Amino acid sequence: MSADGMRVVVVGAGIAGLTAAVDLMEAGADVTVLEARDRVGGRMHGIPISASVVADGGAAYLGTQHTELLSLIRQHGLELASTASPGDSTFLMSDRRTTSASRMPPLNAVALGDLFDRLEAVVAQVHPEAPWRSRRAESLDRLSAARWLADERMHPDAETFFPLFIGEMMAADPAAISVLHMAFYLRSGGGIRFLNAFEGGAQQWRIDGGSHLLCSAIAERLGERVRLRHPVCAIDQDADDVVVHSLSDVDGTRAEFRADKVVVAIPPLLAQGIEFRPALRWPRATPHTGRGCAVKVHLSYPEPVWRDHGLSGWSVSSHGPLLSTVDDSPPDESAGVLTGFVTGKAAAAFSALSSEGQRDEVLAHARRLFPQLPPPTRCSVTNWLTEKYSRGCYAALFGPGDWLRLGPTLTEPHGRVHWAGTETSVEFFGLIEGAIRSGQRVACELIHAADAADDSRKVMSR
């Protein structure tokens with residue numbers, strides 16, 4: 001397969017765009033990658049913790065089913081770090097602190113089992129490759145996950161746990177997503193058990209040194225083909241070619257890039273903000289499409305001091321801001337890193353606070369969770385809700401009606417414009433693996449199209 005001579009502009013230097021760009025470059029295409037930020041990686045972003053330690057401010061974890069991601073990690077000579085963290089878990093449920101060897105909070109086990117049984121029943125109904133074709137797609141897409149929970153009339157402990165689970169899995173407020181989106185997300189990610197597990201699950205490893213290292217390594221292969229600080233504002237196309245316009249929001253500098261094809265590899269809410277001429281036939285987002293509600297907090301210590309107290313660093317709280325924490329310390333224990341997750345409804349409230357207010361809330365919560373620990377040496381907050389060029393994390397949230405409205409055309413080209421990004425993947429939607437597979441898919445689309453056009457020209461010339 002070859003794309004010799006094809007000019008392609010890729011919009012977005014996240015892992016999806018970078019994957020597509022490398023595959024196209026290796027097939028012979030003339031590739032240019034335009035990135036709005038001053039860095040590559042998109043929602044894979046490293047946060048300095050010390051002079052030698054960087055933590056994942058965005059997407060981080062992976063497991064055995066993430067085969068394309070694992071292949072890229074090996075290809076670029078990166079190492080995996082285990083997320084195993086022996087020791088007791090900490091729970092803060094209704095202001096009552098307990099510790100336990102289990103990772104399940106001290107709630108009614110029968111009630112939680114019943115909740116997962118009912119979730120599994122809904123997940124099983126979803127068409128894995130086309131959720132909008134599911135048997136009850138219309139009713140499931142019309143109903144919010146919060147309304148579903150209320151209608152199920154479950155035990156109060158299940159009602160307490162459900163938003164914590166959805167927040168951790170999807171960075172979502174149950175009121176903001178449809179049941180179809182919830183069920184599809186859980187199914188596309190490998191199922192509830194895989195997504196929710198560390199050992200043997202989707203959170204078994206992270207990339208040693210940070211997931212951003214993978215994006216940097218791929219970008220290095222592309223070299224000067226990657227143009228930073230080039231936010232795209234408009235895309236024009238006609239029968240002959242396509243012109244991509246960028247407008248710097250720093251100094252107002254304008255630039256134009258002419259190509260045969262364009263790959264737009266940015267979140268739907270950002271893609272919807274680009275001016276397309278001719279206009280899009282189908283929207284990339286609707287008024288119901290939301291931002292992934294995730295804020296990551298990193299508390300730094302000279303070493304993983306909680307381990308001296310027999311604790312794993314893993315915690316769950318029924319109220320925010322830190323709905324959960326994990327031990328993300330480097331394998332050599334050169335620093336202690338507790339990563340806290342503020343998700344769902346709690347993330348929106350947290351985002352409204354000042355930087356000082358956020359820090360005060362986090363430190364007060366950390367003292368309640370781990371009263372035996374000294375104060376952290378540093379507190380870093382990465383707020384994805386306010387990130388201009390992400391509009392949320394882990395991924396866009398499809399609200400009621402969105403899958404029926406958006407699903408059938410998520411990957412349908414708009415003339416010379418093609419689409420990538422984790423939100424276009426029916427495999428591992430919302431995860432790094434889904435983003436990589438979307439980049440591979442769109443590169444194959446363009447390469448096959450180039451091959452077909454070349455074959456047609458050969459036939460015509462005979």
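A: Five strands make an open sheet, ordered S10-S2-S1-S14-S21, and their pairing is parallel. Strand S10 (226-227) and S21 are the edge strands; each has a single partner strand, so one side of each has no neighbour in the sheet. Strands are DSSP E runs of at least two residues, helices are H or I runs of at least four, and both are numbered from the N terminus. Two strands count as paired if DSSP finds at least two bridges between them.

The model is predicted: local features need pLDDT of at least 70, side-chain atom pairs count only at pLDDT 80 or more, and totals for chains, interfaces and linings use all residues. Residues are numbered from 1 along each chain as its sequence is written, and side-chain values use heavy atoms, with hydrogens and water left out.

Strand S2 (residues 30-34) runs parallel to S10, joined by two bridges. Here Val 33 stands opposite Val 226 of S10. Helix H1 (residues 15-26) lies across strand S1 (7-11) and S2, at about 165° to S2. That angle is taken between N-to-C directions, from 0 to 180 degrees, with axes fitted to C-alpha atoms and, for helices, over the stretch in contact.

Now strand S7 (residues 88-93). Five of its six residues are buried, where buried means under 20% relative accessible area (1.4 Å probe, protein chains only). S7 pairs with strand S17 (residues 311-317) in the parallel sense, over four bridges. In that pairing Thr 90 faces Ser 315 of S17. With strand S8 (residues 96-100), S7 pairs in the antiparallel sense over five bridges. Phe 91 has Thr 98 of S8 as its bridge partner. The S7 and S8 hairpin has two residues between the strands, and Ser 94 takes a positive phi near 55° there.

Ser 318 sits in the loop between S17 and strand S18 (324-327). Its relative accessibility is 15%, so Ser 318 counts as buried. The Ser 318 side chain reaches the backbone nitrogen of Ser 94 at 2.8 Å. Beyond its neighbours within four places in sequence, Ser 318 is in contact (heavy atoms within 4.5 Å) with residues including Leu 92, Met 93, Thr 160 and Leu 164.

Aromatic rings come next. Rings of Phe, Tyr and Trp (its six-membered ring) pair if their centres lie within 6.5 Å; planes under 30 degrees apart are stacked, over 60 edge-to-face, the rest tilted. The count is 14 aromatic pairs. Phe 116 and Phe 165 have ring centres 5.3 Å apart and planes at 90°, so they are edge-to-face. Phe 116 belongs to helix H3 (residues 109-123) and Phe 165 to helix H6 (residues 156-170), 49 residues apart. Both Phe 116 and Phe 165 are buried.

Phe 184 and Phe 429 are edge-to-face too, because their centres are 5.7 Å apart and their planes stand at 80°. This pair spans 245 residues: Phe 184 is in helix H7 (residues 179-188), Phe 429 in the loop between strand S21 (417-419) and helix H14 (432-461).

Key: Buried means under 20% relative accessible area, exposed over 50%, partly exposed in between (1.4 Å probe, protein chains only). A polar contact is a pair of N or O atoms within 3.5 Å; within protein, one must be able to donate a hydrogen and the other to accept it, and residues adjacent in sequence count only if both atoms are side-chain atoms.
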